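This report describes a structure for a reader at the start of their studies. Please keep the sequence and the three-dimensional view at hand while reading.

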Amino acid sequence: MIVEGILLALTIISLLGLTIITANTQTSNDPDSLAVAKLQAFTELASVYSSGGQAPALVDELNKALNLIQEANIAGSNGNAVEATNLEDQARSLISDVLARAPLAQQQAQHDAFNRVFFAVVSIPVIVLISTATLYLGIRVWSWYEKMKFLELKIVEKDEE
Amino acid sequence: MLATITTSSVTYVTLNPPAPERFFATWIVGANGLAEHYFPNDNPNIAVGEQVNWTLGVYNAMSTLEYVVVRVKLLNSTIASPNETAGNPSPVPILFEFTRVLLPNETWTFPFVWSMLNVTQRGKLTMIGKLSINGNTVNGALTEALLGMNFRFVFELWFYDENLNQFAFSWTTGNIRESAWTQVWFNVAKVVAP
């Protein structure tokens, strides 16, 4: 009796698990999830660009996926459901690839952004120091030149006397 | 001290230039890639089955990555055009869409080849019932116009607004609402009764 009860419980748990897995698979294959995925892929790439990075290869891949989605919509509206599903699967695969590679591009963009800020922070005081020194030395050289000219005039005046 | 202030100011201005104006631009050109010869033999009275070749262009000057959609609509002269001041699109269904993710400063051009496949006459009204756009058929009671005059294709540029989490037709630059759309007018050549 107890063994039968355990077996029944295990069967129910297995069936529940199978139902959940099937539901998840159906969700990930429906057009709505594709619409969400393409927006998510765009958002990820947009954050790469907004932080100063670049990922043209991923953008190109996303554009291919968008074209496939549009072709799938047209095929679906023409009653060609098999072709539509096939095109959607191809688009889904491309978007998954973009979503998988986007974090690395984001890291690279953040790294590049840090380097740019670091360079700017370091370069500003250096440029200011060099410019100040140049200006200071220029004024000193000019005053020295004026003094020399004045001295020269004095010597000439003395010689004439 | 004066030297330090001067050089610091110059350095700051050099490293932080003012932000450029942000906008989208759209345009249509004719079969030869110029703003002319929009119709076969330069005749805007288009017959059923006659093919018209245009090229649409979109320029992204938003300085960010943008997900854009060009929405194609068919209007007559009495249906409201998109309202730039209010930021409202034209209130008719979308016939066809072109989508793309645009890089900053990217220009995107694509062909728009169309022909009317079915036109019906009902009294003085001419109705376009079937169109071919880039080889794809678009069905339905699309639009009608008096004596077949003054139909127009309107191309609205929409973009994905991450803050709103939806596509938007207009954006704001310096408290001014802006939008990008363009249109081309045409007539249906007189339909011969069967």
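The sections below treat the chains, their contact, and then selected residues.

## Chain A

The structure is a predicted model. Chain A contains 4 helices and 0 strands, so its order from the N terminus is simply α-α-α-α, with burial judged by a cut-off of 20 or more other C-beta atoms within 10 Å. Of its 161 residues, 17% count as buried. Among the contacts of chain A between residues at least 6 apart in sequence, 69% join residues at least 24 apart.

Just after α3(A), A:G79 takes a positive phi of about 85°.

## Chain B

Chain B has 1 helix and 13 strands.

Buried residues make up 25% of the 194 residues in chain B. Among contacts in chain B between residues at least 6 apart in sequence, 65% join residues at least 24 apart.

## Where the chains meet

How many residues of chain A are in contact with chain B? There are 22 of them, and they touch 17 residues of chain B. The elements of chain A that give two or more residues to this side are α2 (31–50), α3 (56–77) and α4 (81–160). Of these, α4(A) gives the most, with 8 residues. By residue type, the side of chain A that touches chain B divides into 16 nonpolar, 6 polar and no charged residues.

## The largest nonpolar core

The largest nonpolar core has 56 residues. Those with the most contacts inside this core are A:L45, A:L62, A:A91 and B:L157.

Leaving aside neighbours within four places in sequence, B:L157 is in contact with B:F24, B:T26, B:V58, B:V68, B:V70, B:A180 and B:W181.

## Strand β6 and its partners

Strand β3 (residues 52–61) of chain B pairs with β6(B) in the antiparallel sense over 8 bridges. In β6(B), B:F110 stands opposite B:L56. Strand β7 (residues 125–133) of chain B also pairs with β6(B), in the antiparallel sense and over 8 bridges. Here B:N118 stands opposite B:K130 in β7(B). The hairpin of β6(B) and β7(B) has 2 residues between the strands, and B:G123 takes a positive phi near 65° in it.

Is B:R122 buried or exposed? This residue lies in strand β6 (residues 107–122) of chain B. B:R122 is exposed, because 8 other C-beta atoms lie within 10 Å. The C-alpha atoms of B:R122 and B:L146 are separated by 9.8 Å, although the two residues are 24 apart along the chain.

## Residues in the loops of chain B

Most residues other than glycine have a negative phi. B:N150 is not a glycine either, and its phi is positive at about 60°. B:N150 lies in the loop between β8 (136–146) and β9 (151–161) of chain B. With 16 other C-beta atoms within 10 Å, B:N150 is partly exposed.

B:V92 has its place in the loop between β4 (66–75) and β5 (96–102) of chain B. It counts as partly exposed, with 15 C-beta neighbours inside 10 Å. Not counting residues up to four places away in sequence, B:V92 touches B:K73, B:L75 and B:I79. The C-alpha atoms of B:V92 and B:I79, which are 13 residues apart along the chain, are separated by 8.1 Å.

Note on methods:
Residues numbered from 1 in each chain as written. Chains lettered and ligands numbered in written order. Predicted model: local features only at pLDDT ≥ 70, side-chain atom pairs only at ≥ 80, totals over all residues. Contact = placed C-beta atoms within 7 Å. Nonpolar A, V, L, I, M, F, W, Y, C, P; charged D, E, K, R; others polar. Buried ≥ 20, exposed ≤ 12 C-beta atoms within 10 Å, placed from the backbone. Core = buried A, V, L, I, M, F, W, Y, C linked by C-beta atoms within 7 Å. Pairing = 2+ DSSP bridges.
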